[in-house]
Amino acid sequence: MTFTYQASRPYLTGNESAYVAEAIETGMISARGPYMQRFEQEFADFTGKAHGVACSSGTAALTLAMRALGIGPGDEVIVPEFTMIATAWAVTYVGATPVFVDCADDLTIDVDLLERKITPRTKAVVPVHVHGRRCDMVAITRLAREYNLWVVEDSAEAHGIAPSGDIACFSLYANKIITAGEGGVCVTDDARLAERMVHLRGMAIGGDHSFLHDTLAYNFRMTSLQAGFALAQLEKIDEILAMRGTIEKRYDAGLQDIAGLTLMPPREVLWMYDVRAERRDELCEFLAGEGIETRAASRPFDAARDGFVAAEGAAVLVLERVADATARGGRVHAVVRGYGAATDAHHATAPDPEGRGVERALRTALADAGLGPSAVDHVNAHGTSTPLGDVIEARALRRVLGDRPVVTSTKGVTGHSLAASGAMEAAYTALTLARRSVPPTANLTELDPRVELDVVTGAPRSAQIDVGVSTSLGFGGHNAALVLTAG
Ligand SMILES: Cc1ncc(COP(=O)(O)O)c(C=O)c1O
């Protein structure tokens, strides 16, 4: 079907033909042609980054970024639910696992949900500036710093949004803000990453042309024909962005009072103009009849949607459905509402001197249970009972829960870092909830005077206890948490 008004049409009013013709006349048509370096440097300058690496597509750019960062089998990379599939495929191409996070109402990745998906295997997050709308890069960068993650921006739809991640990847496909027909480009401030991406895109041939390849690489080269074309587009980019901005305003004005349509939040640069429509399919059909092309937005890719995957180790607990347990006559002391597991974010058994893993496990468990910190009456923590360990644990608890809940410990009973201590601790919490009071045997009723556990009080409370947390389940590492509610 041809449309009078296409969803996208390239704006080719500059030096495109002249530069391509020059490349043909000089015979410099492969990746080594004269336009390549100019395009790479001028595109990098445009984005405010130091280095540009041009390649064959946006998908190739994302794949090069993943490989350059050393991401591979066993690693997880967080990608948004709502994007074009290449974002997730690039992760899969390098053998890693994409972990999907739903989008917020503006269609960019929901940063609140993002943190819940971080596991010790997470190596990177790929924010996508959907339709030219900037993700919350301040929050994403803060999380990335906290959990030591790489940030790879998928800027395929966002030429003109200044990147702030470690690498940003742009597409130059025909319908993008600027184009080379096909093509992609990565930008970064890191010279080593840029060098690595150049090496990988060119089959790891190396400077000596020995054809001895030091790694499995790709032919993701861009031709000089494309680079010339892209350079001509780049020369016009300010004009193109301004024109698109005008189009956006015209749509906003024209569509704002139409029943059944809801305008979307503004974009920083306009790629596709998006709008929510109550009767979407009917509207698309009607517009097609008028010669106007529209696109129905893609569905989320993750069939399981927002499922939470718990880390290993919680397996020390044999959990049973409440219905099954009661049906066989079992007594249900407590019901697990949510669970989280974390270490220091990257190393399965590394110590966690800041207590960030404890904190994160707790927050995840609470969020998973759908409860706020103020719901928790009792915490049973597997502290180390040392001046070092207990302080870490106690501070992390206070950061999440304040100083309200009664905190106890089973440390003296089971020993440190045994898987059994996890089961023990959960059982202890369950019994506390069943009895609705803290047993006088709680380990932390006697505080080590050297430890500044000002948040901890082991005194039994008379008030009923309905929600408890068992933290640091001790499965060969640290920092898992269960949220249990009275059964
Ligand atoms: C968000 C996003 N990521 C990646 C890509 C892939 O770019 P390309 O088509 O150049 O491979 C696209 C392009 O459609 C995209 O919209």
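**Exercise 1.** In this predicted model, which elements make a right-handed β-α-β unit?

Solution. The unit consists of β4, helix α6 (residues 137–147) and β5, and its handedness is right-handed. Next, take the pairing of its strands: β4 and β5 (residues 150–154) are parallel and share two bridges. Within this pairing, Ala124 has Trp150 of β5 as its bridge partner. Then turn to strand β2 (residues 76–80), which pairs with β4 (residues 122–125) in the parallel sense through three bridges. Here Ile78 is placed opposite Val125 of β4.

**Exercise 2.** Find the strand order of the open sheet, and explain why one side of β1 and of β3 is left without a neighbour in the sheet.

Solution. The seven strands follow the order β1-β7-β6-β5-β4-β2-β3, and their pairing is mixed. β1 (51–55) and β3 (97–101) stand at the edges with a single partner strand each, so one side of each lacks a neighbour in the sheet. From one strand to the next, the twist averages 25°.

**Exercise 3.** Which way do β6 and β7 run, and which helix lies across them?

Solution. Strands β6 (residues 167–171) and β7 (residues 184–188) run antiparallel and are joined by five bridges. Cys169 stands opposite Cys186 in β7. Helix α7 (residues 191–201) lies across β1, β6 and β7, at about 15° to β1.

**Exercise 4.** How many residues surround the ligand, and which are the closest?

Solution. The ligand is surrounded by 14 residues, the closest being Ser57, Gly58, Thr59, Ala156 and Ser171. Two or more shell residues come from each of α3 (58–68) and α4 (86–93). By class, the shell holds five nonpolar, seven polar and two charged residues.

Technical notes. Residues are numbered from 1 along each chain as its sequence is written. This is a predicted model: local features need pLDDT of at least 70, side-chain atom pairs count only at pLDDT 80 or more; totals for chains, interfaces and linings use all residues. Two strands pair if DSSP finds at least two bridges between them. Helices (H or I, at least four residues) and strands (E, at least two) are DSSP runs, numbered from the N terminus. Axes are lines fitted to C-alpha atoms, for helices over the stretch in contact, and angles run from 0 to 180 degrees between N-to-C directions. Two residues are in contact if their C-beta atoms, placed from the backbone, lie within 7 Å. A residue is near a molecule or strand if its C-beta atom, placed from the backbone, lies within 6 Å of it. Ala, Val, Leu, Ile, Met, Phe, Trp, Tyr, Cys and Pro count as nonpolar, Asp, Glu, Lys and Arg as charged, and the others, Gly among them, as polar. A crossover is right-handed if, with the strands pointing away from the viewer, the path from the first strand over the helix to the second runs clockwise.
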